[in-house]
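Subject: Structure for you to look at

Hello,

Here is the structure I promised to pass on. Please open it first, then read my notes below.

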Amino acid sequence: MGPAVGLLPSLPPPLFLPPPPGAMSAAGRAREPEAEMPATEKDLADDAPWKRIQQNTFTRWCNEHLKCVQKRVGNLQTDLGDGLRLIALLEVLSQKKLGRRYNARPTFRQMQLENVSVALDFLERENIKLVSIDSKAIVDGNLKLILGLVWALILHQPHTDPISDALTP
C-alpha cells in the first residue's frame, strides 16, 4: 500500500527563489535597489511623487499671490532662499510691511540667512508656529521644510469661498 495523500512530510522552502518577472535587467543583472526600497523610504525619497505634486501646487499658490507685486516663483526649492520672494509673499498675505530692514540684494549667504530670518521672525510675531523650520533650511533648499512653511501660510490664509460669496446677497 502506498503512502496516504496529505501525510507526506512538508519540505523546507527552497533556499533560492528565482527573481520575479521584470526584476532582472536585459543584461541579466538585478535592477537598481530603488525597486526593492520599502514603501516608506520611497515616500521620503527626494523624487517622491507627492513632493513633486505639492511643489507644483504650492508654487502656483505662491505665484497667484505674488502676481500683484510683479514677482514670481519658478522653483520653490531655490527661489525662496534669498528671502526676497518670501518677504514679498508675507507682505502680500498679511497686507503689512515686515517692519524690519532687509538686504535688497543678498549676494552673500549671510545676507540670505538674515532676510529669511526677518521673514520667520515676522511669522513668529504673527503667532504662526513653525516647527523645525529655520533660515538655514530655507536657504539650503530643504524642500520638505519649505513645503511645510508654505503649508503653514496656506493654513493661516483667510479663505474665501467663491460659491458662497456669489450666493450671498
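Which residue just after α5 takes a positive phi? N127 does, with a phi of about 60°.

Before the rest, a word on the source. This is a predicted model, where local features need pLDDT of at least 70, side-chain atom pairs count only at pLDDT 80 or more, and totals for chains, interfaces and linings use all residues. Residues are numbered from 1 along each chain as its sequence is written, and side-chain values use heavy atoms, with hydrogens and water left out.

**The fold**

The chain has 8 helices and 0 strands. Helices (H or I, at least four residues) and strands (E, at least two) are DSSP runs, numbered from the N terminus. Of the 169 residues in the chain, 30% are buried. Buried means under 20% relative accessible area, exposed means over 50%, and partly exposed lies in between (1.4 Å probe, protein chains only). Now take contacts, meaning heavy atoms within 4.5 Å. Among those between residues at least 6 apart in sequence, 49% join residues at least 24 apart.

**Helix α5**

α5 has 17 residues, which at 1.5 Å a residue should span 24 Å. The expected span is 1.5 Å times one less than the number of residues. The end C-alpha atoms of α5 are 24 Å apart, so the model agrees. The buried residues in α5 are L113, N115, V116, V118, A119, L120, F122 and L123. They pack against α4, α6 (135-139) and α7. An α-helix has 3.6 residues a turn, so residues three or four places apart point the same way.

**The largest pocket**

What lines the largest pocket? The lining is L90, L93, S94, F122, L123, E126, I128, L153, H156, Q157 and P158. On a 1 Å grid over the protein atoms alone, a pocket is an open set of points where a 1.4 Å probe fits, with protein on both sides within 12 Å along at least five of seven lines; lining residues have an atom within 4 Å of a point. The largest pocket holds about 170 Å³ of space. That volume is the space filled by probe spheres set on the points, with grid points joined across faces, edges and corners.

α4 (84-94), α5 (109-125) and α7 (143-156) each supply at least two lining residues. α4 gives the most, with 3. By class, the lining has 7 nonpolar, 3 polar and 1 charged residues. Here Ala, Val, Leu, Ile, Met, Phe, Trp, Tyr, Cys and Pro count as nonpolar, Asp, Glu, Lys and Arg as charged, and the others, Gly among them, as polar.

**An aromatic pair**

A search of the whole structure finds 1 aromatic pair. The ring centres of F58 and W151 are 6.1 Å apart and their planes are at 15°, so the pair is stacked. F58 sits in helix α2 (residues 49-66) and W151 in helix α7, 93 residues apart, so the pair links distant parts of the chain. Rings of Phe, Tyr and Trp (its six-membered ring) pair if their centres lie within 6.5 Å; planes under 30 degrees apart are stacked, over 60 edge-to-face, and the rest tilted. F58 is buried, at 6% relative accessibility. W151 is partly exposed, at 43%.

**Two more residues**

N63 is also in helix α2. It is buried, with a relative accessible area of 14%. Leaving aside neighbours within four places in sequence, N63 is in contact with R72 and V73.

A104 lies in the loop between α4 and α5. At 58% relative accessibility, A104 counts as exposed.

Best wishes
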